[in-house]
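Please work through each task before reading its solution.

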Amino acid sequence: LVGAVLFVALLAGMTAVSAEGQKEPSTFDVGDTQDIDSMSPLIGVTVPAYEAWTIQYATLTDKAASDFHTIPGLAKSWTSSPDKRTWTYKLRPNMKWSDGKPLTSEDVAWTVNTAREEEWLNHSSVVGNLTATAPDPETVVIKSSVDDPKLPTMDAYILPKHIWEPLGAKGRAKYDGLDGVGSGPFTLEKFEKGQFARFKANPNYYGGRPAVDKVVLRFYNNPDAMVAALKTGELDAAEDVPGQAFKSLQGSSDIQTIAGYQGAMSELGINGGDGLKKPHPALLDKRVRVAIAHAIDKDAIVDRVLAGIGKPAHTLSTSPDPAWTPEIPEDQLYEFDLDKAKQILDDAGYKDTDGDGIREMPGGGQPLNFRYGVRTEGDAGAPTYELISGWLKEIGIATTRKVYDDSQLTVVIGKGDYDMYSWGWTPFVDPDPMLSYFTCDQIASDPEDPTNYYNDANYCDPEYDKLYAQQKVELDHEKRLEIVHEMLTRFQESAVYDVLYTYPDNQAYRKNRFTGWTRQPAETGPVLFSNSSPTYAKLKPVSASAASDDGGSSSAGIIVIVVLAIAAIGGGILLVRRRRTVYERE
Amino acid sequence: VSARFVTAKVLGSLVTLAFVVVFNFFLFRIVESDPVASMFRGRNLTQTQRAELTKQFGLDGSQWDQFVSYLQQTASFNLGRSYQTNQPVADEIWDAAGPTIALVGVSSVLSAVLGTMLGVAAAWRRRTKADYSITSFTMATYSMPDFWLGMLLLVAFAVGLEWFPVGGITDPNADATGLAHIADQAKHMFLPALTLTVAYLGEYTIIMRSSLLDTMREDYLVLARAKGLRDVLVRNRHAVPNALLPVVALMAINFGFVLSGAIAVEAIFSWPGLGLATYQALVGPDLPMLQGLFLVFSASVIFFNLVADLLYGYLDPRVRTT
């Protein structure tokens, strides 16, 4: 008992000592529910890892907060050859890395070329077709081997050659990236895996030293605890706030909520039948797919699955920039109408001939019972299935639930061993990757290697492919926009991919600590964890006097703890004394 | 304790461990899955990148090849590389073991000591108000799910009163050293340790209480009293030591779970230990990490069961002969 009492007392006493440390006003604390997996851009894949690199490594060109258009980054200007395959970038003069070493075109060229040769995980989609040369310290020439509409945008993290080159290819592949040398507004100071990553202001940042001294990305496994930390002021901002908590914060006077859309979407995918295995034969009939589309109430899904925080959608979301998403013509939308859905199935000859409530194939026989893949990841899979299977039942279609985790569902889809599933995508800024997933050659065709493909609709439309090839080399932005709109409108019409909704990143921040919050894209996007996260460099602390309004309750807490500790120690001593007297009397 | 008894017990443990090693491999490979494809979905990997990642994840070759190399690696304490961090699993487990041993170790000791003392008190004053209140309190906390108790404490002391931080193990802005650093960690550990201590008190209390009640019927206690010994001495010298046997066994077995015992509580308080690592590996799913964690957890349970067996054999001669 004495030990226990002393332990409690010790803890309590220490609490009293350490609670004195008040928070620096210019430290910006952000909470997130996911951890940085690696600080090396050659290894990491999680969202907070990207955020960390975005903070630490500047790119050759930056993206405007308002609409992602290309703006100067490390490069202040650029020009192109007439065929737009060779671009010459002029760097800002006299730039330095955070450790004081000069940042020159050598760093840029080395990063581009080495990333291409070694196929770095997070660089190869940008630099795969590029070769860079450095004719002088402030000039980089980049040549593309193909027509590339992404250029002049160069959003690959430029790494300090003097740190990364000496490691060698093998060393780089295993390097932990904790050197903290960067060119962005903040550079890594301390990384405790599973806990936090702390960054300090970079005095050599080309945009000038940021007004905030430190940025801390903190990891919370328990999202409710994270929200609690935001409420108590331990955090200044939180990313990935759960839906219900987000709604409750909306009423708070000192916390601002941000539903930041970045194009993330969720869909009901149907096996279109062009893959390794055919689905249920009824699904090859477009009329059945259209009936299914009419049986889905997207508003209800948004309301009940997302607690209302999301927007019903109709076709692929290919970019966080909403300009790429076309307006689907009114008469082409499959509005929620169960009677219409039933009518379509009746007209097409799918009737319930045996009276069990489930329709059969025309002429009787195989009932309309579809295998529906439900994901274990995330919170949306199960309730989405419950709603959709309920509506389908009303129009006489049965579903069999199949539960998978993502790595299993990937195999199932690749093999074509499914009828339908719900899953989602988050697009890159350029629409090309998302568009590419639905071309015919992305349908799994090698039974030995079915997961080497992305077309999870198993749907092939040669006209879509033709348009895809056109947009890929169309260098005129307006014309490309038009082609993409046409592709997405065609895709929606096929009814193989019922895009259900787009959903935001739920973020929240305390209003009284910092100003300078910047949404990307403007008005709809998030303030943090956006594509180029411009907020960090722009944050300014609100004057200290206004910010320090808490602290009273914690000092009251210390007093209570001290009293408790004294009582516990006193009690312990009494007990020990009493016991001693007992033994002495023996 | 005879050498034969010890040898038999040790061999039994080794067989169990070997079974776990083999079972572990197949447990995570029953369902066909492709972690490379799902983790890098939509990333347009080149074929070289794909092949490299597949190799890195130990997924190249046939399942038999994978099994053989898994056995070889495990025998040399190489548990593979984590999918999520690309760091050796053994290192990741080692890093996370410290916080877990600190948290669960402290609370296991506390709950064993406090729980046993409460059990003694309850049995000695059986059917009094003290007995009833101790029994109902510990039964209530024992039947409470630990994550729920943790959430309650979190809401009350971290959110409501703001006495303690809501999670983590250190204050990222403090950079404290020495005593202040220990104080900072202790402050972070208080709530999770309290949760675990309170949640597991009941087990010890109930077992100690019933064991002591059995002992109290023994003739030698009557004799001890008849000698005129004080009640406290009868209890501490004659009754408690004999009643402690089942508690010792329980402690040994529970210590086997020290490493794995706090998944829910670590997850709630974002305590960067093995429980949290397990949770994250499950969410991944990060197969090598899960495999490594399961192996370590099983090995620790097997080891402490062996300790319990041997200890029991030492403490209670009747066990050895049966």
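**Exercise 1.** In this predicted model, state which helix of chain B holds B:Leu27, and determine which helix gives the most to the nonpolar patch.

*Solution.* 
Step 1. B:Leu27 lies in helix 1 of chain B, which spans residues 3-27.
Step 2. B:Leu27 belongs to a nonpolar surface patch, together with B:Phe19, B:Phe23, B:Ile30, B:Val31 and B:Phe294. The area of this patch is about 580 Å².
Step 3. Helix 1 of chain B gives the most to the patch, contributing three residues.

**Exercise 2.** Describe how helix 5 of chain B packs against helix 6 of chain B, and classify the residues in contact.

*Solution.* 
Step 1. Helix 5 covers residues 89-124 of chain B and helix 6 covers residues 129-143. They pack at an angle of about 140°, and their axes are 8 Å apart.
Step 2. The crossing of these two helices is left-handed.
Step 3. Helix 5 of chain B makes the contact through B:Leu118, B:Ala121 and B:Ala122, while helix 6 of chain B provides B:Asp131, B:Ile134, B:Thr135 and B:Thr138.
Step 4. Sorted by class, the contact has four nonpolar, two polar and one charged residues.

**Exercise 3.** Carry out the corresponding analysis for helix 5 of chain B and helix 8 of chain B.

*Solution.* 
Step 1. Helix 8 of chain B comprises residues 178-216. Its angle with helix 5 of chain B is about 35°, with the axes 5 Å apart.
Step 2. The crossing of helix 5 and helix 8 of chain B is right-handed.
Step 3. By class, 23 nonpolar, seven polar and one charged residues take part in this contact.

**Exercise 4.** Locate two cis peptide bonds in chain A and a non-glycine residue with a positive phi.

*Solution.* 
Step 1. The bond from A:Leu151 to A:Pro152 is cis, with omega near 10°. A:Pro152 lies in the loop between strand 7 (139-144) and helix 5 (161-164) of chain A.
Step 2. The bond from A:Gln520 to A:Pro521 is also cis, with omega near -5°. A:Pro521 is in the loop between strand 18 (514-515) and helix 17 (535-538) of chain A.
Step 3. A:Asn94 is not a glycine, yet has a positive phi of about 55°. The loop between strand 5 (86-91) and helix 3 (105-118) of chain A contains A:Asn94.

Definitions and conventions:
Residues numbered from 1 in each chain as written. Chains lettered and ligands numbered in written order. Predicted model: local features only at pLDDT ≥ 70, side-chain atom pairs only at ≥ 80, totals over all residues. Heavy atoms only, no water. Axes fitted to C-alpha atoms, helices over the stretch in contact; angles between N-to-C directions. Helix = DSSP H or I, 4+ residues; strand = E, 2+ residues; numbered from the N terminus. Left-handed = near helix turned anticlockwise from the far one by under 90°. Contact = heavy atoms within 4.5 Å. Nonpolar A, V, L, I, M, F, W, Y, C, P; charged D, E, K, R; others polar. Patch = residues over 30% accessible without salt bridge, like charges linked within 9 Å, V, L, I, M, F, W, Y side chains within 5 Å. Areas by Shrake-Rupley, 256 points an atom, 1.4 Å probe, with all protein chains shown as cover. Salt bridge = Lys/Arg side-chain N within 4 Å of Asp/Glu carboxyl O.
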